[in-house]
Amino acid sequence: METLLYESCKQMGVLLEQHQLEQFLNYQNLLLQWNEKMNLTAITEKRDVILKHFADCVSIVSEISFEKYASVIDVGTGAGFPGIPLKIVCPSIHMTLLDSLQKRIYFLEEVIAKLSLKNIKCIHSRAEDSGRDIQYREQYDYCVSRAVANLAALSEYCLPFIKIGGMFVALKGKDAEKEVEQSQKAIKALGGEITELKQISIPYTDLQHKIVLIKKVEQTPKQYPRKAGKVLKNPIK
């Protein structure tokens, strides 16, 4: 598994050191242990965890160079994807993991402790609530998110967290072009501007996904994000 992880990341231009490989394998063990008592992932084969979770998340680093000490928030992190892999690969960044389920926060806190990760914290909250909180609103250089919702709704969850000049990085699947087209008005209304759509292939798999890069060019209007439920039911059009 260690060799598979190293080689898959290497093919994407990311060289992992020995202690980083060990952190990933410890993370994998914790993920599979906790998954026996709570639903964290449907992917349970060790090879698949390496490629479909870890390498998939690391692919962001093959396209984005996070500045040293950049502040990053992972919205709807779930089992820690992509936030924890990004933190392992880029240890200098300041990472915040946000999730609405307390049980997942307990899992993430154990991962952070067992992997001895520094400058990383968890927030138990809905994005609609913390996105309105001055403690978090427009405080981050980057927001990352992976397969949480369609891009119009996801942008309303994520863009409020980002400083002007910062970047929203969304990991999306095969329908990314369609989602980009359908979310143009929403993204503009929220103060964003799509700058790039990058296609990524994950080594040793037939998986392909897209990374959507959205720059924050204006402040997000105060009415966004709307209250829980409205964002998904009535995306901005």
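# Exercises on a predicted model

Ring pairs join Phe 24, Tyr 27, Phe 54 and Phe 81 into a cluster. The model is predicted, so local features need pLDDT of at least 70, side-chain atom pairs count only at pLDDT 80 or more, and totals for chains, interfaces and linings use all residues. Residues are numbered from 1 along each chain as its sequence is written, and side-chain values use heavy atoms, with hydrogens and water left out.

## Exercise 1: the aromatic pairs of Tyr 27

Task: Describe the aromatic pair of Tyr 27 and Phe 54, then that of Tyr 27 and Phe 81.

Solution.

Step 1. Rings of Phe, Tyr and Trp (its six-membered ring) pair if their centres lie within 6.5 Å; planes under 30 degrees apart count as stacked, over 60 as edge-to-face and the rest as tilted. A search of the whole structure gives seven aromatic pairs.

Step 2. One of them, Tyr 27 with Phe 54, is stacked, at 5.2 Å centre to centre and 20 degrees between the planes. Tyr 27 belongs to helix α2 (residues 18–35) and Phe 54 to helix α3 (residues 46–58), so this pair ties together parts that are 27 residues apart in sequence. Helices (H or I, at least four residues) and strands (E, at least two) are DSSP runs, numbered from the N terminus.

Step 3. Buried means under 20% relative accessible area, exposed over 50%, and partly exposed in between (1.4 Å probe, protein chains only). Tyr 27 counts as buried because its relative accessibility is 0%; Phe 54 is buried too, with a relative accessible area of 0%.

Step 4. The pair of Tyr 27 and Phe 81 is tilted: the centres are 5.7 Å apart and the planes 40 degrees. Phe 81 lies in the loop between β1 (71–75) and α4 (83–89) and Tyr 27 in helix α2, so the pair ties together parts that are 54 residues apart in sequence. At 6% relative accessibility, Phe 81 counts as buried.

## Exercise 2: packing of α1 and α2

Task: Give the angle and the distance between the axes of helix α1 and α2, and list the residues of α1 and α2 that meet.

Solution.

Step 1. Two packed helices are described by the angle between their axes and by the distance between those axes. Axes are lines fitted to C-alpha atoms, for helices over the stretch in contact, and angles run from 0 to 180 degrees between N-to-C directions.

Step 2. Helix α1 (residues 2–11) packs on α2 at an angle of about 115 degrees, and the axes are 10 Å apart.

Step 3. On the α1 side are Glu 2, Leu 5 and Tyr 6; they meet Gln 18, Leu 21, Phe 24 and Leu 25 of α2. Contact means heavy atoms within 4.5 Å.

## Exercise 3: Thr 96 and Val 72

Task: Where does Thr 96 lie, and what does Thr 96 contact?

Solution.

Step 1. Strand β2 (residues 94–99) holds Thr 96. Thr 96 counts as buried, at 4% relative accessibility.

Step 2. Leaving aside neighbours within four places in sequence, Thr 96 contacts Val 72, Ile 73, Asp 74, Lys 121, Ile 123 and Tyr 140. The side chains of Thr 96 and Tyr 140 are joined by a polar contact of 3.4 Å. A polar contact is a pair of N or O atoms within 3.5 Å; within protein, one must be able to donate a hydrogen and the other to accept it, and residues adjacent in sequence count only if both atoms are side-chain atoms.

Step 3. Val 72 is in strand β1 and is buried, with a relative accessible area of 0%. With neighbours within four places in sequence left aside, its contacts include Thr 96, Tyr 140 and Tyr 142.

## Exercise 4: Glu 67 and Asp 99

Task: Is Glu 67 buried or partly exposed, and is Asp 99 buried or exposed?

Solution.

Step 1. Glu 67, in the loop between α3 and β1, counts as partly exposed at 43% relative accessibility. Its side chain makes a polar contact of 2.9 Å with the side chain of Tyr 142.

Step 2. Asp 99 has its place in strand β2 and counts as buried at 3% relative accessibility. A polar atom of its side chain lies 2.9 Å from the backbone nitrogen of Gly 78.

## Exercise 5: helix α7

Task: How many residues of helix α7 are buried, and which residue caps its N-terminal end?

Solution.

Step 1. Eight of the eight residues of helix α7 (residues 151–158) are buried, so the helix is largely enclosed by the rest of the structure. Among them are Leu 151, Glu 156 and Cys 158.

Step 2. Asn 150 caps the N-terminal end of α7, with a side-chain oxygen 3.1 Å from the backbone nitrogen of Ala 152.
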